[in-house]
Amino acid sequence: MMRPNPPTIDPAARFSAVAEAFVHSRVNNLYVTDADGRFVGAIALHDIKPYLADAAVAEHVVARDIVLEDFPRVGPHQSLGEALAAFVGLTAERLPVVGVDGRLLGSLSKSDLLLAMVEQRKRPAA
């Protein structure tokens, strides 16, 4: 169910690159990864809005200045129930899938997860 290659950006990317990445990716959260592909955190679309109105300040902002390092994530071996629990209380539609080595592997959609759980319940017990 994991979708590979979610939109990412480098921690040192300038604000203009962050804003452009949001325009081209059409996501609400942009994942920040280091040069080795390790997940650093996420930038929420609503967190960049204050900088859009102040170009003088935005000129000095880089991705690491606005990244949410404690952004929720799931692991590739978590059960459907565990993954669903990670979404509880979040407005995010997608969560990053991060391996034990910290590398970003992909993203998991709440909609895909819920559909898979419905399909699983439809199957007869073996």
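Let's start with two helices that touch: in helix 5, Leu-80, Gly-81, Ala-83, Leu-84 and Phe-87 meet Lys-110, Leu-113, Leu-114, Ala-116, Met-117 and Gln-120 of helix 6. Contact here means heavy atoms within 4.5 Å. Sorted by type, the residues of this contact are 8 nonpolar, 2 polar and 1 charged. In this sorting, Ala, Val, Leu, Ile, Met, Phe, Trp, Tyr, Cys and Pro count as nonpolar, Asp, Glu, Lys and Arg as charged, and the others, Gly among them, as polar.

This is a predicted model, in which local features need pLDDT of at least 70 and side-chain atom pairs count only at pLDDT 80 or more, while totals for chains, interfaces and linings use all residues. Residues are numbered from 1 along each chain as its sequence is written, and side-chain values use heavy atoms, leaving out hydrogens and water.

The axes of helix 5 (residues 80-87) and helix 6 (residues 110-122) come within 10 Å and cross at roughly 140 degrees. Axes are lines fitted to C-alpha atoms, for helices over the stretch in contact, with angles from 0 to 180 degrees between N-to-C directions. Helices (H or I, at least four residues) and strands (E, at least two) are DSSP runs, numbered from the N terminus.

Now for the sheet, which is open and has 3 strands in the order 1-2-3, with mixed pairing. Two strands pair if DSSP finds at least two bridges between them. At the edges are strand 1 (8-9) and strand 3 (39-44), each pairing on one side only. Helix 1 (residues 15-25) packs on the sheet and touches strand 1, strand 2 and strand 3.

| Strands | Sense | Bridges | Example partners |
|---|---|---|---|
| Strand 1 and strand 2 | parallel | 2 bridges | Thr-8 and Tyr-31 |

Why is strand 2 largely enclosed by the rest of the structure? The reason is that 5 of its 5 residues are buried. Buried means under 20% relative accessible area, with exposed over 50% and partly exposed in between (1.4 Å probe, protein chains only). Asn-29, Tyr-31 and Thr-33 point one way from strand 2, and Leu-30 and Val-32 point the other way. In a regular strand, side chains alternate between the two faces of the sheet.

Finally, strand 2 and strand 3 form a hairpin with 5 residues between them, and Gly-37 in the turn has a positive phi of about 85 degrees.
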